[in-house]
Amino acid sequence: MVSKVPFVDLKAQYQSLRNEMNATVLEVLESAQFVGGPWLDRFEKAFASYVGAGQAVGTSSGTSAIELSLKALGIGPGDDVIVPTNSFFATAEAVSNVGATPLFADVNADTFHIDIASAEKVLTSRSRVIIPVHLYGWALDMAPIEQFAKKHNLAIIEDAAQAHGVERNGRRVGSSGHFTCFSFYPGKNLGAYGEAGAVTTNDAKLAERLCLYRDHGSPSKYRHTVVGTNGRLDSLQAAVLSVKLPHLDHWNRSRHQHAERYAHGLKGTGVLTPLIPSLGEHNFHLFVIRTPRRDQLRDYLVAQGISCSIHYPTPLHLTEAYQALGAPRVGSFPVSERLATEILSLPMFPELSVEQIDYTASKITEFFEVVGRASTEGKETATAIR
Ligand SMILES: Cc1ncc(COP(=O)(O)O)c(C=O)c1O
């Protein structure tokens, strides 16, 4: 009998890898090689080969991956960078941290991806980069973004913090040649046991520049040619990620199956379930439903032992930090602002059981029966902005 459903279960995954993981971590400890060295090399090569990129550069986090990419492209004060306003804070924060200004754009309500028409509207003569986000693990259609970038002479940095192992139009995310930034935060589809990230690219010169910024701007010991930072990926995390990488496709397949089961179980409940693209195009890092009764539903599920979350409760332009910096006010990006009040992320992780999915779906059904089925009016407003 299910009575609790966690949002993620990192312990379950560790248990499934326990022997190999313990042996590998012990090997790193015995080697006392904690920074750089063979563990990092091995992971960078394996990850580059996995995504089909020329190079992978390990970084200390997904945030530093974006910051280092911006620095390697020479972005700084006076430059504008277009970012979607429905994303994790770090997408914009990285831009601010290099001294540039994020320009927020709205998203598409079906895909949750950046809306190019909105990006066109916010573009300025100082715009140098666009950072599209493969949000929730759904690979973006890059064609319109590449056209837009070409037309306005913008570089592209892909934020693939949530999009490990997905592909679109036969191209795996990370292999496009643009800087593509991954996060290996523990709860991600490929997660470290601490902070970690990576940038992939096909440009060896840019990768070299990025490595320079990653390591105090230092091409050799105590020689510093530019002001960089410490943005390195440590050996323990690299070793952990090397153990996990061969399991990623299998984990992504499980998540996709869970998404299909959720969608089936939630049919007719009144919640809007996400579109389910083919296996491979979406890794369901997050399974995000929509309902105008979001807050009531969340409270109901939490009371039934089901953990839920919201990604994200405040569009980036409306966060206190960016309001203080003069970002556009309420009403500027209606789709994202509306989504922020309706979206709810259900428990999702590879080890989630069929019973846990069915329990969650049954409690959502029960909610609408107990509290009253979502009114026709409610349903119409939820779909009106799709
Ligand atoms: C979309 C997005 N961008 C950037 C990041 C930043 O990654 P990290 O937490 O590894 O710095 C995250 C992580 O949560 C993310 O989800």
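How much space lies in the second largest pocket? About 200 Å³ lies there, whereas the largest pocket has a volume of about 550 Å³ and is where the ligand sits. This is a predicted model, in which local features need pLDDT of at least 70 and side-chain atom pairs count only at pLDDT 80 or more, while totals for chains, interfaces and linings use all residues. Residues are numbered from 1 along each chain as its sequence is written, and side-chain values use heavy atoms, with hydrogens and water left out.

**Ligand contacts**

- The shell around the ligand holds 15 residues, of which Gly62, Thr63, Asp159, Ser183 and Lys188 come nearest (near: a heavy atom of the residue within 4 Å of the molecule).
- Among the polar contacts (pairs of N or O atoms within 3.5 Å), a polar backbone atom of glycine 62 is 2.8 Å from an oxygen atom of the ligand, and a nitrogen atom of the ligand lies 2.8 Å from a polar side-chain atom of aspartate 159.
- The side chain of glutamine 162 has an N or O atom 2.9 Å from an oxygen atom of the ligand.
- The protein buries 92% of the 390 Å² that the ligand exposes when taken alone (Shrake-Rupley method, 1.4 Å probe).
- Helix H3 (62–72) and helix H4 (90–97) are the elements that give two or more residues to this shell (helices are DSSP runs of H or I with at least four residues, strands runs of E with at least two).
- By class, the shell residues divide into six nonpolar, seven polar and two charged.

**Largest pocket**

- A pocket is an open set of points on a 1 Å grid over the protein atoms alone, where a 1.4 Å probe fits, with protein on both sides within 12 Å along at least five of seven lines, and its lining residues have an atom within 4 Å of a point.
- The ligand sits in the largest pocket, in the sense that more than half of its atoms lie within 2 Å of the grid points.
- Of the 27 residues lining the largest pocket, Phe88, Ser183, Tyr185, Lys188 and Tyr312 are the closest to its centre.
- H3, H4 and strand S8 (179–183) each give two or more residues to the lining, and H3 gives the most, with three residues.
- The lining of the largest pocket comprises 14 nonpolar, 10 polar and three charged residues.

**Second largest pocket**

- Lys205, Glu208, Arg209, Cys211, Leu212, Arg214, Asp215, Ser218 and Pro219 line the second largest pocket.
- These lining residues divide into three nonpolar, one polar and five charged.

How values were computed
A polar contact is a pair of N or O atoms within 3.5 Å; within protein, one must be able to donate a hydrogen and the other to accept it, and residues adjacent in sequence count only if both atoms are side-chain atoms. Ala, Val, Leu, Ile, Met, Phe, Trp, Tyr, Cys and Pro count as nonpolar, Asp, Glu, Lys and Arg as charged, and the others, Gly among them, as polar. Grid points are joined across faces, edges and corners, and a volume is the space filled by probe spheres set on the points.
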